[in-house]
Amino acid sequence: MSTKIKINSQIFQDSNNIYYPKDEVEVSDLIRELYKQDSPTEIIGNNSKSFIGNKTQSANTTSLSKISGIIDYRPEELYIKIKACTPIHEIEKVLSENSQELAFEPIDFGYIKDGKSNKGTIAGYLSCNYAGSRRFKVGSVRDHVLGFKGVNGKGDIIKSGGTVVKNVTGYDLSKLIAGSFGTLVALTEITLKVLPKKDSSKTVIIYSNNFEQIYDLFNKLSSSSSEISGAVFIPEQSNDKEFSSKRNNVFKFNDLKSKVSFVAFRVEGDQISIEEKINNLKKELELNNSDISTLDVYQSEPFWKKINNLEVFEKTEHNLIRMVIPPANGSKLCKYLENNHSYFIDWCGSLFWIEVNSKKEEKIKDLKKMANDFGGYLTVIKTSSEYDYGEPIFTVDKVRLMISEKVKQSFDPKRILNPGKMYRGV
Amino acid sequence: MSELALPKIDSSILNRKTEIVKNLSKLTDKENVLSEADELRPYETDALSVYTQTPLAVVLPENTEEVSEILKYCHSENIKVVPRGAGTGLSGGALPLQDAILLGLGKFNKILEIDYENKCVVTQPGVTNLGITHAVQNKGFYYAPDPSSQLACSIGGNVAENSGGVHSLKYGTTTNNILGVQMVMMDGTICRFGGKSFDQEGYDLMGLICGSEGLLGVVTEVTVKILKTPEVVRAALIGFPSIKEGGDAASEIISSGIVPAGMEIMDKALIEATDNFSKAGYPRDAELLLIVELDGTTSEVNELIKKVEAICKKNHCSSLKLSNSEKERLSFWAGRKAAFPACGAMAPDYYCMDGSIPRGKLAEALLEIKKLSEKYELPVANCFHAGDGNLHPLIMFDGNDKEQLRKTEEFGSEILKTCVRLGGVITGEHGVGIEKRELMCEMFNDNDIQQQLSIKKSLDEKNLLNPGKVYPILRKCAEEGRVHVHKNKDKFPDLPRF
């Protein structure tokens with residue numbers, strides 16, 4: 001096992017012995033030294049998502065939080081180049097001033113962590129690759145990364161990609177970095193594609209608790225040429241009083257009925273096309289005799305924020321599961337979940353957020369088997385205090401694990417960066 | 001073109017040809033192994049036809065297990081393998097090697113499953129790009145990436161090259177439109193990345209494979225996302241009296257918040273060439289022609305057209321025509337789509353470049369290309385995917401004239417260096433292949449290239465899969481002096497000899 005070492009350098013260390021390199025050269029110097037000494041380090045940003053993933057097996061901690069700031073923002077070129085640990089809220093603020101946004105709709109994991117908003121840094125977010133509600137339409141975080149710079153496990157500064165959308169020069173390492181939980185590279189710079197913000201939005205609510213009907217709606221919504229940019233199902237689970245009360249408290253809107261299960265879909269754009277799309281969709285979904293209501297922009301925007309803040313699971317002390325499956329198997333999963341766990345569905349039927357009671361860790365095994373059988377996967381995003389890691393929190397098969405080990409080796413041969421954060425051996 | 005440096009030929013492999021062919025014939029149907037000179041000839045080149053090489057043998061396996069067995073055999077016998085899809089690549093990525101097996105995926109030509117509920121198609125890699133759209137268009141769906149060779153290019157090749165097309169600004173390239181792949185590694189291991197669900201957890205190995213130009217594995221199955229065909233598609237054909245005004249209009253369209261489905265620019269030389277060739281009715285007095293395509297619902301498109309019209313008028317467009325029917329829209333595209341053959345009709349040969357630049361640098365890039373055209377005394381016509389910054393200068397020359405050949409290569413290389421200088425890259429969609437291999441040094445330093453080579457080494461330790469492509473061959477870099485030496489240090493002190 002590695003031991004903590006003293007780095008002979010000017011890099012700032014706080015009273016907890018956390019290293020704070022201030023630029024990529026200092027990150028490189030630090031990692032080069034750690035590499036020489038065979039001493040691994042945990043890599044953190046501002047710690048907003050450090051609860052996700054396994055605990056790293058490392059003696060040191062390196063915070064990249066001082067590597068922050070906007071380097072180059074070109075609204076007309078649709079890109080922003082930022083230092084890796086720039087807080088997402090800062091990026092969103094400057095984009096918003098130019099009526100642009102991060103189209104992948106970052107999730108605010110602060111609410112499930114401790115009930116407070118904290119979107120964390122862009123490097124942390126990219127390392128997790130968890131896109132918000134708009135994912136099924138615009139792609140994931142990885143689809144919006146144009147390039148990056150960072151330091152590999154040997155201390156070498158490397159880069160990939162650039163600032164242009166069309167680029168097939170060399171391997172597309174940006175994709176590999178996305179979702180790698182800091183195990184390949186300590187990121188120092190990221191270039192993201194940005195997109196124009198839509199003028200307005202409206203959300204249509206369809207009250208239903210019939211799973212076949214719900215999935216029929218999801219299917220029709222994703223088959224329509226009147227594009228939607230979000231579709232969720234929020235069940236009312238009266239048998240789970242805690243969830244039910246939280247749910248009804250979170251989704252309190254003038255035009256939304258309480259204590260009823262519902263599907264909600266969002267249409268964005270200019271006023272005229274929103275109305276046109278909603279009218280088209282009402283016909284395609286045959287909603288004439290359905291119980292529906294509409295949230296105007298003033299309700300629609302906060303509604304989707306609450307979805308993407310995971311507010312129904314605010315401060316959860318239970319295990320929180322993120323399961324992604326092909327939507328065709330969704331109604332089967334709903335039937336299982338109905339009497340077992342509280343949950344909601346995003347991404348037009350593909351993404352399930354499931355809360356598993358702390359005393360039911362073995363249930364995670366059942367869910368994982370279901371995810372595999374349905375052609376998907378699950379991740380335990382937040383663990384309860386009783387979780388003993390008997391069931392791995394990520395899903396991986398043998399061949400992919402073998403290849404992952406080889407890829408890890410090629411970036412970080414001595415396993416200096418976040419070892420064990422995802423899988424043992426990686 | 002000029003003599004090409006390729007990996008050192010292993011003469012022991014050449015000497016064992018008969019034995020190798022015999023062994024390969026045990027791993028697939030005998031008919032699927034080609035080894036006679038006349039059988040090999042069609043496989044000597046891909047669409048970068050200036051380079052030719054005769055492979056040791058061509059193998060055309062019929063299923064994943066056969067691919068696995070063939071690769072396992074080659075791996076154990078140290079035989080190099082060059083994978084090939086439809087052979088439409090423009091950068092020489094499927095150029096054979098004399099001591100390598102050419103592994104053709106042409107027999108993988110079936111669509112395996114159309115799954116409308118999950119909005120995806122599972123297909124073998126030899127199916128053409130357009131074949132996928134044809135299979136789902138009766139239900140109003142399509143596959144979004146549309147490289148200009150979509151009639152012939154295979155989806156497996158698209159994955160290898162991460163192909164884009166005119167619609168990639170709005171709909172992305174191949175990497176953004178696939179959900180999963182099945183792949184065989186060089187040692188024969190069969191693996192699956194992704195499937196029908198979004199964003200496979202863990203390392204995005206599918207993202208790594210996509211665009212890896214056949215260096216990391218052989219794709220044997222692809223799951224692609226399909227999209228609903230937009231309700232309305234309309235195009236605008238806009239002429240401008242100067243490059244600057246047209247370029248500014250294109251930039252302003254993007255910065256105003258419009259994301260066109262496609263946006264193409266052609267310069268005067270190309271307007272004339274294509275109009276002569278296809279009689280597209282383009283405004284011949286214009287210095288620059290802009291084609292903007294918008295899609296969506298009826299009122300959405302009408303609204304966007306109004307905005308585009310206003311921006312173009314503000315930037316002093318000299319003509320503006322809107323498509324009022326599908327037929328008219330296609331006629332707007334007819335000239336643009338004939339850009340390559342039109343240049344082919346003007347000179348014995350043309351050489352198509354493929355750099356990307358920031359959109360706002362278009363005028364600067366075109367001006368530079370014009371200067372270079374005068375310097376090298378070679379005519380050039382330019383088309384530009386203005387939406388995503390992908391520039392295709394077409395240099396016209398006579399391939400029989402050796403001096404012109406040399407000048408064309410130098411001219412092309414200077415154009416790509418200009419792209420890098422302007423903040424762009426050396427290849428937007430055609431791939432590096434053998435064509436731009438040595439220019440990788442312009443974009444990447446030792447560390448960057450070393451990291452990519454480490455990945456290659458980790459997945460193909462013996463460097464048997466498509467060697468000599470994408471990464472500079474040290475010998476050539478040094479001999480031709482194309483490595484730029486930084487602070488007098490050798491650029492690749494510890495570069496593996498890949």
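**A loop and its surroundings**

Modeller: Let's start with Y389(A), which sits in the loop between β19 and α13 of chain A. Helices here are DSSP runs of H or I with at least four residues, strands are E runs of at least two, and both are numbered from the N terminus. Keep in mind that this is a predicted model: local features need pLDDT of at least 70, side-chain atom pairs count only at pLDDT 80 or more, and totals for chains, interfaces and linings use all residues. Residues are numbered from 1 along each chain as its sequence is written, while chains are lettered from A and ligands numbered from 1 in the order in which they are written.

Y389(A) isn't a glycine, yet its phi is positive, about 60 degrees. Most residues other than glycine have a negative phi.

R415(A) is another residue other than glycine with a positive phi, near 55 degrees. R415(A), though, is buried, as 20 other C-beta atoms lie within 10 Å.

What about the partner chain? Here 73 residues of chain A are in contact with 76 residues of chain B, where contact means that C-beta atoms, placed from the backbone, lie within 7 Å. Among the elements giving two or more residues to chain A's side are β19 (377-382) and α13 (398-411), the pair that flank our loop. The largest share, 9 residues, comes from α13(A). By class, that side of chain A has 28 nonpolar, 30 polar and 15 charged residues. Ala, Val, Leu, Ile, Met, Phe, Trp, Tyr, Cys and Pro count as nonpolar, Asp, Glu, Lys and Arg as charged, and the others, Gly among them, as polar.

And the confidence? The predictor gives the complex an ipTM of 0.96 and a pTM of 0.94. Chain B averages a pLDDT of 91, and 94% of its residues score at least 70; pLDDT is the predictor's confidence in each residue, from 0 to 100. Over residues 475-498 of chain B, pLDDT stays under 50. Where pLDDT is low, the predicted coordinates should not be read in detail.

Key. Contact = placed C-beta atoms within 7 Å. Buried ≥ 20, exposed ≤ 12 C-beta atoms within 10 Å, placed from the backbone.
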